[in-house]
Amino acid sequence: MWSYGCMFASMIFRKEPFFHGHDNYDQLVRIGKVLGTAELYEYVQKYNVDLDPRYNELLGRHSKKRWERFVCQDNQHLVSPEALDYLDKLLRYDHNDRLTAKEAQSHPYFYPVIQEHKRQESNKLDSTV
């Protein structure tokens with residue numbers, strides 16, 4: 001779901017890839033600058049992850065950025081409050097806090113698609129009667 005969240009961010013913000021790092025170190029720094037380093041350190045501590053000591057100087061301290069910050073003239077037609085909520089629930093450090101695939105399918109972001117599908121199915125039934 002993490003990878004899907006990264007692809008979804010790339011699609012709605014029209015920035016591909018969304019977290020573009022030059023190497024693994026830079027990649028995590030870029031993620032930390034968006035999702036916040038306090039949350040990253042909480043995750044590392046919760047799961048007893050050993051971070052390479054080089055990250056101590058590379059990561060610094062960054063607050064979590066609001067997704068609205070990435071909306072601009074070129075992508076605003078792709079972004080909705082539901083899309084930002086969906087993205088926020090996909091891109092979480094802790095895998096236990098992320099949406100599961102089943103939960104993702106039921107997110108309000110997809111309600112218009114579900115409603116249209118139901119409408120089409122209803123029309124098919126009406127036309128066969």
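Before anything else, a cut-off for my notes: a residue is exposed when its relative accessible area is over 50%, and buried when that area is under 20%. I am working from a predicted model here.

**Entry: Arg 66**
I looked up Arg 66 with that cut-off in hand. Its relative accessibility comes out at 58%, so Arg 66 counts as exposed. I found Arg 66 in the loop that runs between α4 (54–59) and α5 (81–90). I also checked its distance to Ala 101, which is 35 residues away along the chain: the two C-alpha atoms are separated by 24 Å.

**Entry: His 107**
Next I asked myself: is His 107 buried or exposed? At 4% relative accessibility, His 107 is buried, because that value falls under 20%. His 107 also sits in a loop, the one between α6 (101–105) and α7 (111–128). Leaving out residues up to four places away in sequence, I noted contacts from His 107 to Glu 82, Asp 85, Tyr 86, Lys 89 and Leu 99.

**Entry: the largest pocket**
Then I turned to the largest pocket, which has a volume of about 200 Å³. Which helix gives the most to its lining? I found that helix α3 (residues 37–46) does, with four residues. The lining residues I wrote down are Leu 35, Glu 39, Glu 42, Tyr 43, Lys 46, Lys 64, Leu 91, Arg 92, Tyr 93, Asp 94 and Asp 97.

Note on methods
Residues numbered from 1 in each chain as written. Predicted model: local features only at pLDDT ≥ 70, side-chain atom pairs only at ≥ 80, totals over all residues. Heavy atoms only, no water. 1 Å grid on protein atoms, 1.4 Å probe; cavity = no way out; pocket = protein on both sides within 12 Å on 5 of 7 lines; lining within 4 Å. Points joined across faces, edges and corners; volume = space filled by probe spheres on them. Helix = DSSP H or I, 4+ residues; strand = E, 2+ residues; numbered from the N terminus. Buried < 20%, exposed > 50% of the residue type's maximum accessible area, 1.4 Å probe, protein only. Contact = heavy atoms within 4.5 Å.
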